[in-house]
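Please examine the sequence and the model shown below.

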Amino acid sequence: MYVEDAMKKIGKEVTLRGWVYRKRESGGIIFVIIRDRTGIMQIAVKKDSVNADSWKDAQDTTIESSIIVKGVVKQDQRAPTGFELQASSFKNVHIAEPFPITEYQSTELLLDKRHLWLRSLRMTNIMKARSLVFRYARKFLDSKGFYEITPPLITMAGGETGADLFEVKYFDQKAYLTESSQLYAEAMVPVLEKVYSFAPSYRAEKSRTTKHLAEYWHLEPEMAYYNNDKNMKLQERLVSYIANRLAENEDLLKALGVNVDDLKEIKPPFKRIKYEEAIEIVNSKGGNLKWGDDFGVPEEKMLTEDEDKPIFVYAWPKELKAFYARVDPKDPRVVLGADLQAPHGHGEIIGGTEREWQMDRLMERIHEIEQAKGIKFNLENYQWWLDLRRYGSVPHAGFGMGMERLIKWFLNLDHIRDAIPFPRMINRLAP
Ligand code: 4AD
Ligand code: MG
């Protein structure tokens, strides 16, 4: 049985399986706090209430040893959670070596010992919330008639800017870890029409910010016959659904210090502002942006610090967006795409665009980028993707949502690394 169920069994005998969270001895009683995935409970092992083997096991047990305990549940205001299990038997499954994490530890040590630190109550709760966020995201898209697809993660070329790729040796060839699965999702559009890829993306960005990971989980839906407006509507519904469903887990969120009402109030529609207006807002708060400048962490903060819901920023200068983004025929300076910015300075959580689906316009755009940036596209590697514009191309749109960015915002985490069990960052590869 789990601790949370045992709390409802006052006066009954139950068996708990878990790990030792704390231990102390006082006058013939050994107090052990057991931890499992649902919580903690005090166990009192009295010398004269258990047999010699149980008493020895209780004496020998150590922090993080795995144990199986039997006993009767009592209410006891002196116990940390108000309940105590009065043990009739206590068994060590495995006696842990001295646990390397003690009460006050540096952030660096906790990251070095991440595989063990994940057992802390806070990380346990974050991992639960993460799993729920993933579950609700899938649930929403599945219920809207999407098929989940599985892209390759080893690729021959970049799918985004191509500037921050991790290179891998692929037999005798050079290959790269994918920076986005979009191009493969696009290939699945003429197959399944509404699809999503849910996979890691890799970015060798040298950024040391609180919102950059080198490996992050990327949810990338791609839809036939969607335009920018429909794309944004889908995004605000998806984000609201996940937020509202997560808000149902009140105890979990309370334990994490998250205000449930804030998440309940995330509802469509989200504010839409043009890039131009966003620049004005930032500049009115002391920023110094001009047309063509991208937003960094400070600018995103100025833009969103007073918001309670995410906001879309659309009509970006085409120079700032990737080769596949469709230029607005009514205003050729900008592309038909939007970024979704999370409130309270958490920054960009989604990037989405209508895709350029017509071959001649796509080639025009690629040549324009080549000229502007003085680079040469290796079109050889993109022939398969260009084929999608040769054979039965259709208008389509899609977006990419960074799951750890979403979780960082929902749980109001200080750093994105806590939104993922084993963060990969510029200075961290272990554990
Ligand atoms: O804006 P990005 O680069 O867009 C794309 O990759 C598109 N191909 C997506 C698509 O249309 N299918 O990345 C999308 C999102 C960002 O909004 C952000 O949430 C997240 O991915 N992201 C990162 N998350 C954590 N660490 C990083 N280094 C990230 N880079 C991007
Ligand atoms: Mg982006």
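This is a predicted model: local features need pLDDT of at least 70, side-chain atom pairs count only at pLDDT 80 or more; totals for chains, interfaces and linings use all residues.

How far does a polar side-chain atom of E160 lie from a nitrogen atom of ligand 1? The distance is 2.5 Å, which falls under the definition of a polar contact: a pair of N or O atoms within 3.5 Å, where pairs within protein also need one atom able to donate a hydrogen and the other to accept it, and residues adjacent in sequence count only if both atoms are side-chain atoms. A polar side-chain atom of E205 is 2.8 Å from a nitrogen atom of the ligand, and one of Y216 is 3.1 Å from an oxygen atom of ligand 1. Ligand 1 on its own exposes 630 Å², of which the protein buries 94%; such areas come from the Shrake-Rupley method with a 1.4 Å probe, and for residues only the protein chains shown count as cover.

Residues are numbered from 1 along each chain as its sequence is written, chains are lettered from A and ligands numbered from 1 in the order in which they are written, and side-chain values use heavy atoms, with hydrogens and water left out.

The shell of ligand 1 comprises 23 residues, and E160, Q182, E205, E220 and E348 are the closest; a residue is near a molecule if one of its heavy atoms lies within 4 Å of it. The shell divides into seven nonpolar, eight polar and eight charged residues. Here Ala, Val, Leu, Ile, Met, Phe, Trp, Tyr, Cys and Pro count as nonpolar, Asp, Glu, Lys and Arg as charged, and the others, Gly among them, as polar.

The protein as a whole contains 14 helices and 18 strands, which are DSSP runs numbered from the N terminus (helices: H or I, at least four residues; strands: E, at least two). Of its 431 residues, 50% are buried, meaning under 20% relative accessible area with a 1.4 Å probe and protein chains only. In helix 14 (residues 403-410), eight of eight residues are buried. Just after helix 14, N412 takes a positive phi of about 50°.

Away from these elements, the second largest pocket has a volume of about 720 Å³. On a 1 Å grid over the protein atoms alone, a pocket is an open set of points with protein on both sides within 12 Å along at least five of seven lines, a cavity is a set where a 1.4 Å probe fits but cannot get out, and lining residues have an atom within 4 Å of a point. Points are joined across faces, edges and corners, and a volume is the space filled by probe spheres set on them. Of the 20 residues lining this pocket, E4, R37, T38, N125 and K128 lie nearest its centre. Helix 5 supplies the largest share of the lining, eight residues.

The structure also holds two cavities of 30 Å³ or more. The largest cavity, of about 70 Å³, has a lining of six nonpolar, six polar and no charged residues.
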